[in-house]
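Here are some notes to read alongside the structure. Please keep the sequence open while going through the points.

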Amino acid sequence: MYQLTSGHPSGKIYQKVTKRNYIAYFDDYMAVKEAHLDWFLSEAARLGGYNVHLLDFTPDSLVTIWEGLISSIHRGEYYDFTGLEKDLPLWVYIVEGLSSEKYGTYSPDSLWLMDGLAYYVGDVYIKNYPNDFEWKPYAPDFYNRVNDGLHPMILCKDNHGYLCNPFDSIRSACVATWSKEGRPKKYDLKNPFDYLVKRYFDAK
């Protein structure tokens, strides 16, 4: 199991997310992003059996990285995350609500891979369209429920509108892999990327 930090940077992960503290959550994610990516890139390349230089943050690299990770992300018996805060990455808390005794949850090693993948997918948007998209917390004043303030979002620079939570396509790809009769496809990350980018530019 990979462990980069000794727990969460702020120690606030189980506090209720509010309009007053959601930025602190965002800062926690961004504070460890580069270090998590440094580990993740070499690990993903090792597991996929290819040169790490192929992970160049191009849209096509989403095909390479997901095809290489499909067999390494495993879902198994359910376990509670309580007490494991120092051993699990930040993005794990978007998975927590999907875990149950009926459906199980992902292994700790898988959660670390999904964590790195979330940062990678987000940075593919940013690095390819730096004038259009940016990492931001998303909790506008009209939100009555700011659960999504816990997760970094990709927003559109021109109007600060929401583009995506980069974890959403990962979650869908994992469901396609581990659902009953699941049929994972190597394009499960690139197709949502292409769709969202096209929709954004078509609307401009």
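1. How many bridges join strand E3 to E4, and do the two run parallel or antiparallel? Strand E3 (residues 133–136) and E4 are joined by four bridges, and they run antiparallel. One of the residues involved is Trp-135, whose bridge partner in E4 is Ile-154.

2. This is a predicted model, so confidence comes before detail. The average pLDDT of the protein is 80, and 76% of the residues score at least 70. Two stretches call for caution. Over residues 1–15 the pLDDT stays under 50, although the model has 45 contacts beyond four places in sequence for them. Residues 142–149 are also below 50, with 14 contacts in the model beyond near neighbours in sequence. Where pLDDT is low, the predicted coordinates should not be read in detail.

3. Next, the overall layout. The protein has six helices and five strands. Along the sequence they follow the pattern α-α-β-α-β-α-β-β-β-α-α. Of the 204 residues, 49% count as buried. The accessible surface is about 10,500 Å², and carbon and sulfur atoms account for 50% of that surface. Among contacts between residues at least 6 apart in sequence, 68% join residues at least 24 apart.

4. Back to strand E4, residues 153–156. On its other pairing, E4 is joined to strand E5 (residues 162–164) by two bridges, and these strands run antiparallel. Ile-154 has Cys-164 as its bridge partner in E5.

5. Are the faces of E4 covered or open? Both are covered: Met-153 and Leu-155 are buried on one side, and Ile-154 and Cys-156 are buried on the other. In a regular strand the side chains alternate between the two faces of the sheet.

6. Which residues have the most contacts inside the largest nonpolar core? They are Phe-40, Ile-65, Tyr-120 and Tyr-125, in a core of 51 residues. The elements giving two or more residues to this core are H1, H2, helix H4 (108–128), E3, E4, E5, helix H5 (167–178) and helix H6 (190–203). H4 gives the most, with 12 residues. In soluble globular proteins, nonpolar side chains tend to be buried together.

7. Helix H2 deserves a look of its own. Seven of its nine residues are buried, and the helix is mostly covered. The buried ones are Ser-61, Leu-62, Val-63, Ile-65, Trp-66, Gly-68 and Leu-69. Leaving aside residues up to four places away in sequence, Ile-65 touches Phe-40, Ala-44, Tyr-50, Leu-55, Leu-117, Tyr-120 and Leu-189. Phe-40 and Tyr-120 are also among the residues with the most contacts inside the core.

8. The aromatic residues come next. The structure holds 11 aromatic pairs. The pair of Phe-133 and Tyr-200 is edge-to-face because the ring planes stand at 65°, with the centres 4.8 Å apart; the cut-off for this class is over 60 degrees. Phe-133 is in strand E3 and Tyr-200 is in helix H6, 67 residues apart, so the pair links distant parts of the chain. Phe-133 is buried, with a relative accessible area of 1%, and Tyr-200 counts as buried at 9%. Both belong to one aromatic cluster that also includes Tyr-125, Tyr-129, Phe-193 and Phe-201.

9. Where is Phe-57 placed? Phe-57 lies in the loop between helix H1 (22–48) and helix H2 (61–69). Its phi is near 65°, a positive value in a residue other than glycine. Phe-57 counts as buried because its relative accessibility is 13%, and the limit for that label is under 20%.

10. Is Val-92 buried or exposed? Val-92 is buried, with a relative accessible area of 1%. Not counting residues up to four places away in sequence, Val-92 touches Phe-81 and Leu-111. Phe-81 is 11 residues from Val-92 in sequence, and the C-alpha to C-alpha separation is 9.1 Å.

Note on methods: Residues are numbered from 1 along each chain as its sequence is written. Side-chain values use heavy atoms; hydrogens and water are left out. pLDDT is the predictor's confidence in each residue, from 0 to 100. Contact means heavy atoms within 4.5 Å. Buried means under 20% relative accessible area, exposed over 50%, partly exposed in between (1.4 Å probe, protein chains only). Two strands pair if DSSP finds at least two bridges between them. Accessible areas come from the Shrake-Rupley method with a 1.4 Å probe; for residues, only the protein chains shown count as cover. A nonpolar core is a set of buried Ala, Val, Leu, Ile, Met, Phe, Trp, Tyr and Cys residues joined through side-chain atoms within 4.5 Å. Rings of Phe, Tyr and Trp (its six-membered ring) pair if their centres lie within 6.5 Å; planes under 30 degrees apart count as stacked, over 60 as edge-to-face and the rest as tilted.
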